[in-house]
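Visitor: I'm new to this structure and would like to learn how to read it. Could you walk me through a few features?

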Amino acid sequence: MFDNPMLTFIQLLNGLSLGMSLFVIAAGLTLILGVLRVLNFAHGAFYMLGGYVCFSLVKLLSGVPGGFWLAAIGSAIALAGMAYLIERTMLRHLYERDHLYQLLFTFALVMIIGDLVRFTWGTQVLSVSLPPGFKGAVNLGIAYYPSYRLFLCLMGVIVAVGMWYFVNRTRAGRFVRAARQDREMLESLGINVGRIYMLTFVGGSALAGFGGALAAPAVALSQGMDAEIIVQCFIIVIIGGLGSLGGAFLGALILGLLNSFGVMLVPNFEIVLIYLMMVVVLMIRPWGLLGKPEAQ
Amino acid sequence: MTLLDVSDIHTAYGISEVLFGVSIRVEDGECVGLLGRNGVGKSTTMRSINGLTPPHKGSVTWRGSEISGQPTYDIARLGIGFVPEDRRVFPELTVWENLDIARRSRGKADEWDEQKVYALFPELETFKERKGGFLSGGQQQMLTIARSLMGNPDILLLDEPSEGLAPLVVDKLRDQIASLKAQGLSIVLAEQNLNFVLELSDRVYVLEKGEVKFEGTPAQIREDPELIKRYLTV
């Protein structure tokens, strides 16, 4: 078990890189949930679409230096554009409705995007090759580790710091926090809250697309990857606390590490561990580790 | 000049009708009181003016143009500040952040900024790093007023500012509102605290069951115990 420091170290990095790539996606989900109060079932589908769009853009840009990175940014922009259309034409009419309508709507999006992906890219498993410069492994002293996975860890931290700074230290971020607390009051101060909702949805969805693009070289692109990721993201958001960015970061770390060390220590029960974790959190702190109890 | 003219508005929440043809008028620089018991439509009148609960009949004009039906944020940008009841500060934002998000220049000669609102409400400067949710009731009330001032409004709709505050705090608040009025700000003041309104207002409307039952000066109300008994005592 832990008597092999190299294996332990590698599992630690595996857990971190899994957690950090999940964080990029869960961050968008929790942001949208916190501000719009909409649980976006389609967030995983946006992630999947981001991966597939990246695949096509990489093909399109083959030979262009930095093609993969342009494709990743392109995926984020494409998902932002799609989210803009969805929000303006449909979703915004549902904010005042019962949560059930929002669930049904986002579930419908899951179906539509799933079929769209099947029609456009077919059902075979696709893969995106690692970007140049990240094909090898890095010597970390006691072990070699794939450099792209290290990059994913770093990207998670960059997204976390960037979002923390945006939400807590910028004026736009103050509007986002205020919109989360009291929509009517913010509106009465002359702020177009509908626009803040739209931008939050667009930004969160762009993160899902970006996360999908970054994951594309590390995972196989396939039908069903959306369902897998949305379940994990929901668990992260529940463990961390609905709408809490810090909570999503913590939840993603816990899920990643539980997954990698679970495989090592109790390989037969690894899949159950995260659910157990969620149950324990729900029993002790139903509002999540860093969330706040809903004031009624 | 008539700043705000509310004419025969009918407002409902869903199917329950709350206002049955309310008309009020505010001249530039005037403080107008809305009196009446709980639930007679004072808050709804204010929400009808600023668009949170738009009237389904009647008109609201601001400096002569119709504003009813416009989105709340556009109405606010015209210079209509709203200070709702229950002191809705943003509890997770600090005092300074609460003020900062409301900052809006309207191209006036002498505009509000942090320093000016701190001068009017010195306590807020002491607690500027504190989260809104951790302030006392009186401080929260001052913060909601200060926050509206940051948008440089021409009129303030103040809904029950004295509610739930200690008498000493109420006295202080009255002086602060009086000083705003002296600076030329127009005010609509909805209150159940009779003396508070009568001391500050130039004219007063008394509401009952969603209708205006009386319009006059504070002196007329003071001299009419029958009116006070009928519409204002609990």
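Visitor: Let's start with strands β7 and β8 of chain B: do they pair in the parallel or the antiparallel sense, and over how many bridges?

Guide: First, the general idea: strands of a sheet pair through backbone hydrogen bonds, and the pairing can be parallel or antiparallel. Keep in mind that this is a predicted model. Here, β7 (residues 155–159) and β8 (residues 186–191) of chain B run in the parallel sense, with five bridges between them. To find the spot, look for Leu158(B), which stands opposite Leu189(B) in β8(B).

Visitor: In what order do the strands of that sheet come?

Guide: Read across the open sheet and you get six strands, β6-β7-β8-β3-β9-β10 of chain B, with mixed pairing. At the edges sit β6 (80–83) and β10 (211–216) of chain B, each pairing on one side only. From one strand to the next, the twist averages 15°.

Visitor: Which strands does helix α1 of chain B lie across?

Guide: Helix α1 (residues 42–50) of chain B lies across β3 (31–35), β6, β7, β8 and β9 (203–208) of chain B, and runs at about 150° to β7(B). Now look for helix α6 (residues 137–149) of chain B, which lies across β6 and β7 of chain B, at about 165° to β6(B).

Visitor: Over to chain A. How far apart are the end C-alpha atoms of helix α4, and what span should its 23 residues have?

Guide: You can check a helix by counting 1.5 Å a residue. Helix α4 (residues 99–121) of chain A should span 33 Å, and its end C-alpha atoms are 33 Å apart, so the two agree.

Visitor: Which residues of α4(A) are buried?

Guide: They are Thr106(A), Leu109(A), Val110(A) and Val117(A). Their cover includes α2 (43–60) and α9 (225–240) of chain A.

Visitor: And α9(A), is it mostly covered or mostly uncovered?

Guide: Mostly covered: twelve of the 16 residues of α9(A) are buried. Among them are Ile229(A), Ile230(A), Gln232(A) and Cys233(A). The cover over the buried residues of α9(A) includes α1 (5–36), α2, α4, α10 (245–265) and α11 (270–284) of chain A. The length check works here too: 16 residues should span 22 Å, and the end C-alpha atoms of α9(A) are 23 Å apart, which agrees.

Visitor: At what angle do α1(A) and α9(A) pack?

Guide: For a helix pair, look at the angle, the distance between axes and the hand of the crossing. The angle between α1(A) and α9(A) is about 65°, and their axes are 9 Å apart. Their crossing is right-handed. On the α1(A) side, the residues that meet α9(A) include Leu22(A), Ile25(A) and Leu29(A), while those of α9(A) include Ile229(A), Cys233(A) and Ile236(A). The residues of this contact divide into nine nonpolar, two polar and no charged.

Visitor: Finally, how many residues does each chain bring to the contact between chains A and B?

Guide: Chain A brings 15 residues and chain B brings 20. On the chain A side, α6 (171–181) and α7 (183–188) each supply at least two residues. Of the elements in chain A, α6(A) gives the most, with six residues. The chain A side divides into five nonpolar, four polar and six charged residues.

Conventions. Residues numbered from 1 in each chain as written. Chains lettered and ligands numbered in written order. Predicted model: local features only at pLDDT ≥ 70, side-chain atom pairs only at ≥ 80, totals over all residues. Helix = DSSP H or I, 4+ residues; strand = E, 2+ residues; numbered from the N terminus. Expected span 1.5 Å × (residues − 1). Buried ≥ 20, exposed ≤ 12 C-beta atoms within 10 Å, placed from the backbone. Contact = placed C-beta atoms within 7 Å. Nonpolar A, V, L, I, M, F, W, Y, C, P; charged D, E, K, R; others polar. Pairing = 2+ DSSP bridges. Axes fitted to C-alpha atoms, helices over the stretch in contact; angles between N-to-C directions. Left-handed = near helix turned anticlockwise from the far one by under 90°.
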